[in-house]
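Could you walk me through this protein, first as a whole and then through one of its helices? A short report would do.

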Amino acid sequence: MAELLLVEDDPDIGDQLAEALAAQAHRVRWARTGRAALGHVARGERVDLVLLDLGLPDLDGTALCRQLRAALPDVVIVVLTARTEEIDVVLGLDAGADDYLTKPFRLAELLARVRAHLRRRAPAPAPAVTVDRLSVDPGARRAVVDGREVPLRSKEFDLLAVLVQEAGQALSRERLMSEVWDEHWSGSTKTLDMHVMSLRRKLAQAGLGGEVITTLRGYGYRYESATS
């Protein structure tokens, strides 16, 4: 049984989600405001996954996401939002979200994503690997460029680890979605694209110039190494 924190001010959506998640044998705490959500965290309650509506009446949802990530660095945060512009999605991911769903969403898809995230939250670590100036240690969950750690969100790290483990090899979108998100994934891979965009920016800020992650149009991505 997982401990879920649902942050949603709409009573109809909240009722539906709380009931559906409880039917999946999860324990659901429903916070109707951002301050109520922070109260659950402040009391030290166990949280495995947060479903966070960005449109809250008291606090900015993106700022709340950032606070939750700081307080719960290992928790999975799935953002629920009516904002569909790419910049809004990027801001949510940069604030610490692992995934997002735009409203209106299909309940079956949300439940499938929750199951996938909960299955994959504690995978067995792969061996550490170094490619040129970048070192990735899945056991310690650290990515280091020239001796300096790169701050990555949970799914960003998982994605980078998969790409770097097979540097120089073309990895399909389907494989990346399967290994990082859900082995039974179907549908849009926009979440993958947003995470790659964020990864590129952070790696560039760390000093890895150029496009170290190459887009293979119509197929997927490849992490480039000096020897590939």
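Predicted model: local features only at pLDDT ≥ 70, side-chain atom pairs only at ≥ 80, totals over all residues.

**The whole protein**

Eight helices and twelve strands make up the secondary structure. The chain has 228 residues, and a compact globule with that number would have a radius of gyration near 17 Å; the protein has 18 Å, so the two agree. Of the residues, 48% count as buried. Among contacts with a separation of 6 or more, 61% join residues 24 or more positions apart. Here are the overall values side by side:

| Property of the protein | Value |
|---|---|
| Radius of gyration | 18 Å |
| Span of the C-alpha trace along its principal axes | about 55 × 35 × 35 Å |
| Accessible surface | about 10,900 Å² |

Carbon and sulfur atoms hold 50% of that accessible surface.

**A look at helix α1**

Now zoom in on residues 11-23, which form α1. This helix has 13 residues and reaches 18 Å from its first C-alpha to its last, close to the 18 Å expected at 1.5 Å a residue.

Its two ends are worth a look in your viewer. After the helix comes Ala25, with a positive phi near 75 degrees.

Which residues of α1 are buried? They are Gly14, Leu17, Ala18, Ala20 and Leu21. The cover over these buried residues includes the strands β1 (3-7), β2 (27-31), β3 (49-53) and β4 (76-81), together with helix α5 (107-120).

Methods: Residues numbered from 1 in each chain as written. Heavy atoms only, no water. Helix = DSSP H or I, 4+ residues; strand = E, 2+ residues; numbered from the N terminus. Expected span 1.5 Å × (residues − 1). Buried < 20%, exposed > 50% of the residue type's maximum accessible area, 1.4 Å probe, protein only. Contact = heavy atoms within 4.5 Å. Rg over C-alpha atoms; globule rule 2.2 N^0.38 Å. Areas by Shrake-Rupley, 256 points an atom, 1.4 Å probe, with all protein chains shown as cover.
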